[in-house]
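Here's a quick briefing to read with the model open beside you. Pocket first, then the chain as a whole.

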Amino acid sequence: AGRDVPLMSFGTFDQLKQHAFPIEQERSRLILKPKRHIDDLEFKSQAAATIMGFGEVIASFENEPKNLVAMASVFGPKTMNVFINTVSSDHPAPKGQGIYRISHFVMK
């Protein structure tokens, strides 16, 4: 399940800050599900459309293949869409093009 405001907002923000993610920068946005039981695929597709309104999207990162494919279809071919091969469900995803795969991500 995706991260939601009621249960995970403070912890998510703190972890991003602790790991030097630029969360407090003027153009940074943390978008979480407003309620826990909203479908992840639906929410992330809608969030991707919202994000497109902020300006050019350079990259997206996701650990659920079906969510990444849906987001990649919204962002288009100019965006680098990256599958992070960590804990994810066993649900199959439709094929997507231009999707990269990594096993970890470190900001230095």
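Predicted model: local features only at pLDDT ≥ 70, side-chain atom pairs only at ≥ 80, totals over all residues.

Residues are numbered from 1 along each chain as its sequence is written, and side-chain values use heavy atoms, with hydrogens and water left out.

**The largest pocket**
- The largest pocket holds about 2,200 Å³ of space.
- A pocket here is an open set of points on a 1 Å grid over the protein atoms alone, where a 1.4 Å probe fits, with protein on both sides within 12 Å along at least five of seven lines; the volume is the space filled by probe spheres set on the points, which are joined across faces, edges and corners.
- Its lining (residues with an atom within 4 Å of a point) runs to 46 residues, with Leu16, Phe21, Arg29, Leu30 and Phe61 nearest the centre.
- At least two lining residues come from each of α1 (5–18), α2 (40–52), β1 (59–62) and α3 (65–75), and α2 gives the largest share, at 7 residues.

**Fold**
- You'll find 3 helices and 3 strands in the chain, in the order α-α-β-α-β-β.
- Those are DSSP runs: H or I of at least four residues for helices, E of at least two for strands, numbered from the N terminus.

**Burial and surface**
- Of the chain's 108 residues, 27% are buried, meaning under 20% relative accessible area with a 1.4 Å probe, protein chains only.
- Accessible surface (Shrake-Rupley, 1.4 Å probe) totals about 8,100 Å², and carbon and sulfur atoms account for 56% of that.

How values were computed: Buried < 20%, exposed > 50% of the residue type's maximum accessible area, 1.4 Å probe, protein only.
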